[in-house]
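Below is a request for a close look at a single part of one model, followed by one connected answer.

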Amino acid sequence: MEFTDDIHKKIEALKEKYDAMGQSIDSYLDGLLISNYLTYWDYVHVDTLLSLQNPKTDFPDELIFIIYHQITELYFKLSLHEMQQIAGNGKIILPNGEQKGWNKSISLKFLFERITRINRYFEALTKSFEIMINGMEKEQFLRYRMALLPASGFQSAQYRMIEICATPFINLLDKSVRANYEGKNALIEDLFEHIYWNKGATELETGKKTLTLKQFEKKYSAQFIALAKEYENKNIWAKYKSLSENDQQNENLIEALRQLDVNVNINWPLVHYKSAVRYLSQEESDVPATGGTNWQKYLPPRFQKRIFYPELWSDQEKIEWGKKWVESVKRGN
């Protein structure tokens with residue numbers, strides 16, 4: 001095979017790349033000569049991935065439960081990956097430290113495309129939750145779940161990070177105190193004391209914090225507060241408001257933001273509610289969740305009225321937030 005002009009140009013470009021880093025292209029070419037071919041299983045780390053499922057019981061369906069939640073966390077990671085790009089206005093850091101695609105402000109096209117990606121991730125998750133709703137034997141679940149105490153899906157930190165990166169922090173406060181902080185420059189630390197999810201992990205009888213919540217706060221509170229401060233001026237809503245007035249009126253972008261609100265704050269909690277109804281509801285009483293969370297009041301979106309972008313919804317839509325979805329589930333649709 002002859003070295004074409006195109007190959008010579010690529011070699012010269014490589015030389016310039018390594019020269020800029022103070023490296024010798026000869027050394028890298030030597031390394032390339034002795035390197036092994038890349039395989040799919042090494043690139044994806046298949047063996048490691050398949051070794052990460054460690055059931056605590058011998059019930060076969062527990063494996064389904066573990067794998068599904070691991071898949072969920074990977075989708076959450078993809079969502080956060082998109083949110084980080086939005087926060088950086090599309091900035092990409094190359095291996096040599098060079099910044100690529102850096103802009104002082106975000107573009108309508110980039111913001112719309114990344115929000116659309118996040119919507120796709122959540123739509124895939126919501127649809128796939130049928131695995132959890134109809135894909136396990138109820139009798140097995142009610143047995144092996146007792147070996148998981150006090151762990152709970154409530155403790156998914158990435159889901160909380162998605163919320164923090166999506167909206168002004170005040171929108172994540174418990175609805176009973178939210179109005180008290182409107183228009184005030186309260187510290188994130190003070191606001192965090194009223195975060196909505198605290199009420200979702202209280203003991204049903206006493207109202208005290210569950211061990212699930214205490215563990216969660218101990219591990220992640222400082223990280224959540226730091227993230228909220230970091231994203232105070234670069235969350236998705238802040239990036240939307242940084243667009244020109246004309247771009248903010250773009251119908252496709254507004255619809256994408258509304259759909260994100262629905263996906264994260266209605267559809268995703270609702271499929272959990274549907275699963276809880278399937279596995280934890282009984283004729284005489286409801287079975288408590290593994291973390292002791294009061295799922296009956298915590299999961300239905302209409303009770304929390306958590307809305308990322310209230311400015312994009314009518315007063316009537318906010319009043320009926322999530323209502324028709326929950327009523328549909330109760331009817332068995």
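Q: Please look closely at Asp261: which residues does Asp261 touch, not counting residues up to four places away in sequence?

A: The model is predicted, so local features need pLDDT of at least 70 and side-chain atom pairs count only at pLDDT 80 or more, whereas totals for chains, interfaces and linings use all residues. Residues are numbered from 1 along each chain as its sequence is written, and side-chain values use heavy atoms, with hydrogens and water left out.

Asp261 belongs to helix α14, which covers residues 251–280 (helices being DSSP runs of H or I with at least four residues, numbered from the N terminus). Asp261 counts as buried because its relative accessible area is 0%, buried meaning under 20% with a 1.4 Å probe and protein chains only. Leaving aside residues up to four places away in sequence, Asp261 touches Ile266, Ile307, Phe308, Tyr309, Trp313 and Trp321, where contact means heavy atoms within 4.5 Å. For Phe308 there is a further detail, in that its backbone nitrogen lies 2.8 Å from a polar atom of the Asp261 side chain. Leu312 is 51 residues from Asp261 along the chain, and the C-alpha atoms of this pair are separated by 9.8 Å.

Among contacts between residues at least 6 apart in sequence, 72% join residues at least 24 apart. Helix α14, which holds Asp261, is found in a protein with 18 helices and two strands (strands being DSSP runs of E with at least two residues).

Note on methods. Buried < 20%, exposed > 50% of the residue type's maximum accessible area, 1.4 Å probe, protein only. Polar contact = N/O pair within 3.5 Å; in protein donor to acceptor, adjacent residues only side chain to side chain.
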